[in-house]
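I'm going to look at a sheet and then at a helix.

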Amino acid sequence: MIDVDEAQRIVLAQTRPLGTVQVSLEEALFRTLAAPIQCDLDDPPFDRAVMDGYAVRAADVAHVPVTLKVVGQVAAGAVADRPLAAGEAVQINTGAPIPRGADAVVRIEQTEPLPAEGQVLIKESVASGEFVTPRASYASAGKIVLQPGALLTPANIGVAATAGASRVTVYRQPKVAVLATGDELVDIDRVPSAAQIRNSNLYALRALIDSARCLAVVLPVARDDRNELRNRITSGLQCDVLCLTGGVSAGTLDLVPGVLQELGASFRIHKLAIKPGRPTIFATMPDGRLVFALPGNPVSTFVGFELLVRPALSALQGRREVSPLIRAVLNGPLAATANRRCYYPARASVNDSGEWEVCKLSWHGSGDSLGMATANALIMRPPGSNAVSTGDLVYMMLLDRT
Ligand code: AMP
Ligand code: MG
């Protein structure tokens, strides 16, 4: 049995980023950047007013109150028609370029216009540079503002837009084939007859794959039949990743390991030291494609996806990341653990003291998919842990993703 940390290292060691594509910035949300983005211009591109008021020479307002001659007005998007001379002021709006000759802005609240005289009374002194954002003070032209590997979050989309990157180079989205196996499975729009169940994992896996920004390719269910399974796996292997569920344990009809072996798979992980999910398989094909075969119990499938498949899908898109474990205050009791790492569906929240608090949800083991309802975290307990109760610190992994 391989422990989870080692298993994640094994998966990442077999995973290289796929090729790259260019997309428009509108299509780039949550894609991963594959080429740097640099500013084409200084940011800001000119010395800029931070406040509405009057552009002045700081030296002219060293002693206040003082009146200055108003020689014009400059709005955002406009340029002053002439430089400012001693004793002059220009009415200015936030975002407008500072006229040449001026070096500071007096806020409008600290002024009193004297329109009859064509003057303004300045009531507050300002230092040179006050309420001015100097050109290039955020970044100079040519500066790399986003490096390859950056996730294009909404904030980063804004950064790319500022830099004028209307098209961006990102990693290609992995195609992930989803194959559910088992004679008992029927589609979700059917009422299962005696001994049948709905193929819920297919939908859960597809949603997980979508949430990892990959393209799910759904295959028809494979019955517990060697030939059918071989055909389905073979067609799934046209994708970058094949993700199977069911048929991986030790039963007489758990045919997945044997068929993968026949097709030349190298098993990198065959048993994981976790509960739920021990029979999890990770294999690579001779051409380097990745195969994950997860146990069919819905919570095992889910946990296996989060621990192994999701990090692989991120790495294929150029991001090597594994969900961190977070310390949280436990609410409720947890039993001692044996020789495997245990994961429990859980609900995490921030308590009144601003700390993470986590509570195990009521569930009845790995077959109980309803036990995942409202889960936004998994509690993780190392092997050989003692029983713990309310107030003790435990580890958890957050699941919520946009
Ligand atoms: P297996 O891994 O094939 O031994 O299946 C373990 C358990 O998970 C059995 O109770 C199966 O009926 C159930 N199961 C297998 N595949 C699915 C699926 N696609 N959706 C929901 N439950 C499943
Ligand atoms: Mg089965």
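**Entry 1: the sheet**

I looked up an open sheet of 6 strands, and its order is β7-β4-β6-β5-β9-β8, with mixed pairing. Strands here are DSSP runs (E, at least two residues), numbered from the N terminus, and two of them pair if DSSP finds at least two bridges between them. β7 (104-107) and β8 (111-114) sit at the edges with a single partner strand each, so one side of each has no neighbour in the sheet. On average, neighbouring strands of this sheet are turned by 40 degrees against each other, direction ignored; the axes for that are lines fitted to C-alpha atoms.

This is a predicted model, so I note that local features need pLDDT of at least 70, side-chain atom pairs count only at pLDDT 80 or more, and totals for chains, interfaces and linings use all residues. Residues are numbered from 1 along each chain as its sequence is written, chains are lettered from A and ligands numbered from 1 in the order in which they are written, and side-chain values use heavy atoms, with hydrogens and water left out.

Next I checked one pair: β5 (residues 66-74) and β6 (residues 88-92) run parallel, joined by 4 bridges. V74 has I92 in β6 as its bridge partner.

**Entry 2: the helix**

Which residues of helix α2 (residues 154-162) are buried? I found N156, I157 and A160 (buried is under 20% relative accessible area, exposed over 50%, with a 1.4 Å probe and protein chains only). A helix is a DSSP run too (H or I, at least four residues). Just after α2, I noted G164 with a positive phi of about 80 degrees.

Terms used
Axes are lines fitted to C-alpha atoms, for helices over the stretch in contact, and angles run from 0 to 180 degrees between N-to-C directions.
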